[in-house]
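Trainee: Could you help me learn to read a protein model? I would like to go through it feature by feature.

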Amino acid sequence: MVDIAAPGNAKAEADKKEFRKPSAEAKAGFLSDIVATSTETVSPAGKVFVYEGPLRLWHWVNAGLIVVLCVTGYFIAKPPPSLPGEASDHFLLGNIRMVHFAAGQLLAVAFLGRIYWAFVGNDHARQIFLLPVWSGKWWREVLFELKWYGFLEPTPKKYIGHNPMAQLAMFTLFVVPVTLQILTGFALYAEGQGTDSWWFAVFGWVFGVFGDNSFAVHTYHHLFMWVIVVFSIVHIYAAVREDIMSRQSLISTMVSGWRYFKDDKE
Ligand code: HEM
Ligand code: HEM
């Protein structure tokens, strides 16, 4: 088994680049210096270090917070039946809202940390934020992956980082909706704090985007939840499926950071 790239080792990092398939469309001005156009690999069987510690920690903390937010958010929209006795004795919905707000604020801080890591982390840390949309090769690989997921291609390609379709899905169905969720969530929170609060001074503008209609902000905040729920279901299915059917490790990679390849064929 070959160690293609150990973290922090400049020689190994250079070797890792050698294993990347040269792409005819890799150069597209200065952007190609910051956006990796292709992470397709022709490596022999071996392992490559891909996801750094902070990114992996963020992934699992974020996944946990998403579950808490979806469950508590669902109950905010559709409250459980009233309990007998004084509301102040059990304060059920109050506690559900409190957990939602705390998890929402943690999610936002963690997301800012993830954006920071896109600047200081390795190439793969930028993949979910920057898509090489100008690259025809990248789009052809999106299509190829779509066919592979649809059982229409017999042999999958090998990737060091995210495959192009995963990258596209992570941007459109996670990064964009979570950003909108954070903005609308903080706007609703600001409204709850009062229109004369500093929260409202910072996030009140979000209502303007939705026609100064608080109900619309609620509705979109609710709708984005379902986008994230659908993403999570498909994402977990794809992670398990690819772990079994692809030519590389998936779930253990998000735990240890190392990608293992199952064969040394191209
Ligand atoms: C049991 C649950 C989960 C499993 C097994 C899982 C597994 C994985 C794996 C294996 C990857 C790396 C894929 C690759 O190497 O191309 C990944 C990445 C990712 N997952 Fe999950 N995931 C889970 C839950 C979630 C949830 C709930 C979310 C959010 C809705 C999420 C969002 C992401 C994102 C955004 C990435 C990209 C990471 C990055 O580049 O920063 N995951 N996940
Ligand atoms: C993935 C992230 C999130 C999900 C899935 C989510 C989900 C939900 C849902 C479904 C509702 C009910 C909306 C309705 O029908 O009226 C809700 C309400 C709310 N959420 Fe979120 N939310 C998320 C993030 C956030 C964030 C980051 C904040 C910011 C603190 C936040 C603050 C709020 C507030 C203030 C309400 C209104 C509570 C009320 O009217 O009693 N949410 N959320």
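Mentor: Gladly! Axes are lines fitted to C-alpha atoms, for helices over the stretch in contact, and angles run from 0 to 180 degrees between N-to-C directions. This is a predicted model, where local features need pLDDT of at least 70 and side-chain atom pairs count only at pLDDT 80 or more, while totals for chains, interfaces and linings use all residues. Residues are numbered from 1 along each chain as its sequence is written, and chains are lettered from A and ligands numbered from 1 in the order in which they are written.

Trainee: At what angle do H6 and H7 pack?

Mentor: Helix H6 (residues 136-149) packs on H7 at about 95 degrees, and their axes are 7 Å apart. H6 and H7 are therefore roughly perpendicular to each other.

Trainee: Which residues of H6 and H7 meet?

Mentor: Two residues are in contact if their C-beta atoms, placed from the backbone, lie within 7 Å. Here Trp138, Glu141, Val142, Glu145 and Leu146 of H6 meet Pro164, Met165 and Leu168 of H7. By class, this contact has 6 nonpolar, no polar and 2 charged residues. Ala, Val, Leu, Ile, Met, Phe, Trp, Tyr, Cys and Pro count as nonpolar, Asp, Glu, Lys and Arg as charged, and the others, Gly among them, as polar.

Trainee: How many helices and strands does the protein have?

Mentor: Helices (H or I, at least four residues) and strands (E, at least two) are DSSP runs, numbered from the N terminus. The protein has 11 helices and 3 strands.

Trainee: Which residues are closest to ligand 1?

Mentor: A residue is near a molecule if its C-beta atom, placed from the backbone, lies within 6 Å of it. For ligand 1, 21 residues form the surroundings, and the closest are Ala63, His162, Ala239, Leu250 and Met254. Two or more shell residues come from each of H3 (53-77), H7 (164-193), H10 (214-245) and H11 (251-256). H10 gives the most, with 6 residues. The shell holds 14 nonpolar, 7 polar and no charged residues.

Trainee: And which helix gives the most to the shell around ligand 2?

Mentor: That is H7, with 8 residues. In total 27 residues surround ligand 2, with Gly73, Ala77, Gly104, Gly185 and Leu188 the closest. This shell has 16 nonpolar, 10 polar and 1 charged residues.

Note on methods
Parallel < 35°, antiparallel > 145°, perpendicular 65-115°, else oblique.
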